[in-house]
Structures are given as structure tokens and as C-alpha cells.
Amino acid sequence: MEKLVVGLEWFLNPDHLPLILGMEKGWFSEQNLEIEMIEPEQHFDALEEIENGSMDIAITEPIHLVEDKAMNENVVGFARYLHTNGGVMYNKDKGIQSPKDLIGKRLQYPGAPGSGGIAIAKTMIEADGGMYNVGDIVPINNSFYHTDALLNDKADAATLIFENFEILEARNAGLNVDYFALKDYNVPDFCQLIFITTPDKLETDNQKLKKFIKVIQKAIQYINNNLEDAINIYADYTQTDINNKLNKDTIEATAKCFTNDLSMSSDFYNDLQLWLQSTGKIKHTIDAEKYFTNQLLFSRYTK
């Protein structure tokens with residue numbers, strides 16, 4: 001068996017259903033692969049772990065891939081497997097109907113008062129025909145606890161949230177919420193999960209990674225056709241109570257987000273990095289083909 005260590009982007013959750021299915025159904029074993037998933041007890045530098053041999057690949061979001069490459073990190077993305085809808089969740093009882101109404105409101109986001117959440121809101125406000133001035137939004141830092149911030153009236157809106165998680169969680173808690181999607185208001189749609197590694201690993205482990213991708217694709221197809229069984233396998237593996245409506249709704253909503261097409265375009269990454277440059281998050285743009293490749297996905301691909 002060849003071992004492949006996968007660094008997760010967060011705690012084990014329905015986002016990782018294809019990996020769990022691949023292990024529990026024996027599909028990785030059929031490819032002579034042994035998978036180990038590592039949950040971050042706290043934030044870790046996945047690239048450093050890959051460089052020192054503790055991990056082989058990791059899961060991250062496209063925005064972090066671009067930011068890492070802009071910092072000259074030795075990284076390359078090679079497959080996208082999840083694409084959800086996300087953006088800014090808002091409390092409808094706070095007089096918010098469109099992004100322009102975020103002016104004067106309290107916005108919860110991890111890293112506040114840094115520029116991340118403000119950049120998203122500013123772009124949305126301007127796309128909605130408004131004008132954002134520095135100080136128009138009050139930044140609130142309640143870590144990643146978006147629903148808690150709204151539920152306890154610490155904030156009026158929160159970002160970055162996902163339709164398949166925080167929206168369901170907030171409504172289950174009795175909040176009257178909706179959200180502005182990134183893609184609807186000129187923010188690059190980076191609510192996606194991708195696999196990354198180093199260029200050296202991509203070359204030396206080429207065949208191993210192709211086999212890994214083959215299983216991920218098989219698992220996604222299985223989820224599409226056998227959702228209830230997939231949910232039960234997930235529940236058994238993670239000891240999740242699916243009699244709890246929120247738990248089951250979250251798994252079902254996430255299952256709809258796995259992508260049949262694992263490729264990504266340079267146009268997407270070019271738009272994303274131009275937005276990051278315009279918001280001051282990166283200084284220079286880079287040739288997208290230098291940090292995301294589809295070479296493992298297509299049999300006739302040539303560099």
C-alpha cells in the first residue's frame with residue numbers, strides 16, 4: 001500500500017464525504033492507496049507540513065492558494081472537488097435588503113478589523129450602486145462563529161458564510177436570515193475547495209495522485225446516485241446523529257456541492273487575483289498556470 005496523507009482545511013465535516021466513502025467502500029485500497037486524514041487541532045501551515053514530509057496533499061480554498069503563491073510559496077493546486085454558494089449572511093430584521101444597506105451596520109468576520117470582510121462588503125456595495133467610505137462598516141471579530149454573532153446581537157451581518165452550513169444553522173436557531181452571494185455582486189466566486197501540494201510532489205507522486213483523483217470522482221458519482229447510503233456511511237464513520245434535522249440537512253446540502261468537473265480555468269484565477277490586487281491583499285498578479293494545473297485530469301494533457 002502507498003500511503004497518502006491529506007491535510008484537512010478544518011475539522012472533519014460533510015465536505016470530506018468523498019474521502020470517507022473512498023476509504024469505507026474500499027476504493028482507495030483497490031488503487032493500492034492508504035489514506036490518512038489529518039484534522040488541524042489549530043491552524044497549521046499545510047505547505048510547511050508537505051515540505052517536511054508530514055503531509056502529501058492538503059485541502060484549501062482558491063483564495064488561499066492565490067495568496068500563498070503571491071507570497072512566493074512553493075504550491076500548486078491540481079483539482080477542485082466542491083463548489084458551494086456563499087457570501088454575506090444578514091439579519092433581515094436589521095433593515096438590510098440589499099448590499100447598500102450594509103453601510104452603517106456591524107459586520108462579523110474572522111480577522112476583523114483586518115481588510116478581508118470589508119473588501120467583500122465594499123465590492124458588493126459598489127456593485128449594488130452604493131459608495132463605500134472607510135469607516136462605513138463596524139468590524140466585529142467573533143472568530144468563525146457567524147451564527148452566534150447574529151444570534152447574540154453582536155453583529156448585523158457576517159462573512160464568509162456558506163449556504164450549506166451557516167444559513168441552515170442560523171435558520172435552525174430561529175434567525176430570520178438571508179445572504180448576498182459573492183457571484184451576484186462582483187466578488188470572485190471562491191467558495192470552493194481544492195487539493196494542493198508542492199510542484200515536486202506533483203511530479204514525483206503523479207501516478208499516486210491520479211489514482212487518488214480517480215477515487216474522488218467515483219465517490220462523487222456514488223453520492224449523486226446513492227445519497228441516503230452515502231449519508232449513512234458518513235454518519236457511522238463520524239458518529240453523527242442524523243436523526244437531528246440540522247445534521248442531516250447539512251449533509252444533504254453539502255452533497256449537492258461536489259463537482260463532477262474537477263478542473264478549473266485560468267480565467268477564474270486571473271479574475272480572483274485581480275480582485276485581490278485591487279483590494280490590497282496581494283501586490284502582484286502571477287500567471288495562473290504556474291499555480292493551478294489540470295494535468296492530472298486529462299489523459300491527453302501536455303504541459
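**Close-up views of a predicted model**

**View 1. Proline 113 sits in the loop between strand S6 (106-108) and helix H5 (116-127).** The model is predicted: local features need pLDDT of at least 70, side-chain atom pairs count only at pLDDT 80 or more, and totals for chains, interfaces and linings use all residues. Residues are numbered from 1 along each chain as its sequence is written, and side-chain values use heavy atoms, without hydrogens and water. Helices (H or I, at least four residues) and strands (E, at least two) are DSSP runs, numbered from the N terminus. Alanine 112 and proline 113 are joined by a cis peptide bond, with omega about 10°.

**View 2. The peptide bond from threonine 159 to leucine 160 is cis.** Its omega is near -5°. Leucine 160 belongs to strand S8 (residues 157-162).

**View 3. Serine 143 has a positive phi, near 55°, and is not a glycine.** Serine 143 is in the loop between strand S7 (138-140) and helix H6 (146-151).

**View 4. Helix H1 (residues 17-24) crosses helix H9 (residues 206-225) at roughly 100°.** Their axes come within 8 Å. Axes are lines fitted to C-alpha atoms, for helices over the stretch in contact; angles run from 0 to 180 degrees between N-to-C directions. H1 and H9 are therefore roughly perpendicular (65 to 115 degrees; under 35 is roughly parallel, over 145 roughly antiparallel, the rest oblique). In H1, Leu17, Pro18, Leu19, Leu21 and Gly22 meet Phe212, Val215, Ile216, Ala219, Ile220, Tyr222 and Ile223 of H9 (contact: heavy atoms within 4.5 Å). This contact has eleven nonpolar, one polar and no charged residues. Ala, Val, Leu, Ile, Met, Phe, Trp, Tyr, Cys and Pro count as nonpolar, Asp, Glu, Lys and Arg as charged, and the others, Gly among them, as polar.

**View 5. Helix H4 (residues 62-70) crosses helix H12 (residues 266-278) at roughly 65°.** The two axes come within 10 Å. That angle makes H4 roughly perpendicular to H12. Pro62, Ile63, Leu65, Val66 and Glu67 of H4 meet Phe268, Tyr269, Leu272, Gln273, Trp275 and Leu276 of H12. By class, the H4 contact with H12 has nine nonpolar, one polar and one charged residues.
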